Amino acid sequence: MTLSNATMTTETNPPRGWALVILGVGLAVGFLMYGLEEARWLQAWDFGVGQGVLMAGLAFALAGARGRWQFSSVFALVLGAINALLIVTAMLRYGQPDPYGRDVLTLSMYIESLLFSLIALTFFQAWQSGRKTAATPNGDTEGWHGITYARLFGHFWETILVVLVSLCFLGLFWSVLWLFALLFHEVGVEALEILIAEPLFEWPASCGAFALSIFFTRQHERIIAALRSIVFALFAILTPVFLVLAVSFVVVLISGGLARMEGLVSASATLIVLAGFGILFVNAVVRDGASEDEQPTVVRVSALLLLPCLLLFCGFAAYAIGLRIGQYGLTPERIFVAVATALLTLASLAYLASLLARESWMVYCRRINIALILVLAAATVALMSPLADPYRLSAESQYKRLASGGADPAKFEYGFLKFELGNAGQDVLARMAEDSGIADPAVVAERLAALALVDDEWEWRSANRAENQTQQVQAILADRQRVQRVPADLDVPADIGPDWIHYQAKQCGDAGCILTSLDLTDQPGPEFLFATRTDDGTLTLHLLERKSAENGWNATWLAVNSEAGAFWSALQNGDLQAITPAHRDLKIGDEVLRLRPTPSGS
């Protein structure tokens, strides 16, 4: 057994007699989670403390070792307290605005908590499994208290695989319970179905089963080591495939010049995910340095050639996210992508520099990984702390965009600040009301007043969408190059533009549109007909009627049965008239359109 595989020996794993201890910890965590759920605390305390409890229990189950349970207990408690403190304070800073923004915050906190906990647990396990200075098989000297790359690598992937296996077991556990509950239900016994639906059973049962699964999975260290070898062998196979696709993409992109580069602006997240996979595949070749098995030449060469491609991917991603931030400022999502881009770019640069060592490039990659994982841990803590709070940074960035003239105050997304950035966004909106910089204060005040009238993001976006569509329709109807007026000097009201014809108005192009008027009702002012024709000759006709002087316009679709060419010519020639009395019908060319139902008895 190599050193990397020895990270899970019986010297560090708990003895079988600990099964009851681990089960007790799992049950205790389950009852604590149930108590938090029933306490109905604020979400900040509920989620933050709950995540701390879960991470503490998980850390103890994964790090418990023979004769060293005191160290594992202290570490688990400290790790849980750090997670709880960071998450609770972050969510309290955010406040209680729109649920959508809170959902994004909760997801980001969960991911950051898992990353930080995984890294901290990996270093603790490496420290715990070997604190004596010795030489490793590849010639490296063990670091501080036995924390070597081989141990870090082994424990990192051991933890991931053990958790994944345990999650599969937990899914199987609940599948069995529910299948038997359905079976008992068929014979009239609903006790099991009622029991497993109770939170008082659900939490302890889930946490207890998960803890036991972790315990027994850790006992089979050789199987986990073999599973890790299989996973990395499969990753290594994908390295040449990834290289071919990456090179093909770079060639296609470069051959298209700047025109294709513009298409990358919205693809930064995709590029970063692919770069992350590339880093993973390279590490599948690098591995822990303890294995004596040589990788196939094609795999090793593919990993070498992949390094400059990864740097190009990160460069494209940095260009894309940088352009987005420059145009539209920071948002929490862009900050997360930017941080991931920076970390992967740093990794790609360091890996590429390692090639200067020639045959020893893998050794340097392993050393680089230790530094990178520490930087990642620091980044996750910073994002959860006030130091680099994404919501505060985003709110400040958006304020600077508006105050410096970088954004049109009439089109600025005020709702994003109110509904998605929490207390930080609310504070910036209050500052805008007092100081809008060089932005027109009257426009800002008008938009803030409109924002104050809505209570949720959906209402705000719906109102903005309707307003934007009306403005777009008005601009199209005013464009004489796109819309033919009959007669040519037809006077069109400035406020015309209902969003009901938004889609049809956008179709006005080479085929053209026609706008004409006639008097159909006793309402003051004329009514308008708006006709569109597609390239295949399909006609649409809308009657535009004013509701009232203050309430805008109605659009009514009218069915047309005439031949398209003849009907279009009739409109262009003004061959239309209202049929009296009562203006119930409209005649265009040879076709009569029924506008209003005939009263009974007429």
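Predicted model: local features only at pLDDT ≥ 70, side-chain atom pairs only at ≥ 80, totals over all residues.
Residues are numbered from 1 along each chain as its sequence is written, and side-chain values use heavy atoms, with hydrogens and water left out.

**Stop one: the salt bridges**

Start with Arg 93, which is partly exposed at a relative accessible area of 24%. Helices (H or I, at least four residues) and strands (E, at least two) are DSSP runs, numbered from the N terminus.

Now move to Glu 396 and Arg 431, whose closest N and O atoms are 2.7 Å apart in another salt bridge. Glu 396 lies in helix α13 and Arg 431 in helix α15 (residues 422-434), 35 residues apart. Glu 396 is partly exposed at 25%, and Arg 431 is partly exposed at 31%. A search of the whole structure finds two salt bridges.

**Stop two: helix α2**

Select residues 43-63. This is helix α2, with 21 residues and a reach of 29 Å from its first C-alpha to its last, close to the 30 Å expected at 1.5 Å a residue; the expected span is 1.5 Å times one less than the number of residues. Because 15 of its 21 residues are buried, α2 is largely enclosed by the rest of the structure.

Pick Gln 51 within this helix. Is Gln 51 buried or exposed? With a relative accessible area of 2%, Gln 51 is buried. Leaving out residues up to four places away in sequence, Gln 51 touches Ile 87, Tyr 110, Ser 113 and Leu 114, where contact means heavy atoms within 4.5 Å.

**Stop three: the nonpolar cores**

A nonpolar core is a set of buried Ala, Val, Leu, Ile, Met, Phe, Trp, Tyr and Cys residues joined through side-chain atoms within 4.5 Å. The largest one has 80 residues, and those with the most contacts inside it are Ile 22, Val 282, Leu 306, Tyr 351 and Trp 361. Helix α5 (residues 149-186) gives the most to this core, with twelve residues.

Beyond its neighbours within four places in sequence, Tyr 351 is in contact with residues including Ile 279, Val 282, Leu 307, Cys 365 and Leu 372. For a second, separate core of 33 residues, highlight Ala 407, Phe 416, Phe 419 and Trp 460, which are among its members.

**Stop four: the five-stranded sheet**

Next comes an open sheet with the order β1-β2-β3-β4-β5 and mixed pairing; two strands pair if DSSP finds at least two bridges between them. Its edge strands, each pairing on one side only, are β1 (483-486) and β5 (553-558). Neighbouring strands are turned by 25° against each other on average, direction ignored.

Zoom in on β1 and β2 (residues 513-518), which pair in the parallel sense over four bridges. Here Val 486 stands opposite Thr 516. Then show helix α19 (residues 564-572), which lies across β1, β2, β3 (527-533) and β4 (539-546) and runs at about 55° to β2. Axes are lines fitted to C-alpha atoms, for helices over the stretch in contact, and angles run from 0 to 180 degrees between N-to-C directions.

**Last stop: the three-stranded sheet**

Finish with the open sheet β6-β7-β8, whose pairing is antiparallel. The edges are β6 (576-579) and β8. β6 and β7 pair over four bridges, with Ile 579 partnered by Asp 585.

Strands β7 (residues 585-588) and β8 also pair over four bridges, and Lys 587 has Val 592 as its bridge partner. Two residues separate β7 and β8 in a hairpin, and Gly 589 in the turn has a positive phi of about 60°. Finally, colour β8 (residues 591-594) by face: Glu 591 and Leu 593 are on the covered face, Val 592 and Arg 594 on the uncovered one.

Methods:
Buried < 20%, exposed > 50% of the residue type's maximum accessible area, 1.4 Å probe, protein only. Salt bridge = Lys/Arg side-chain N within 4 Å of Asp/Glu carboxyl O.
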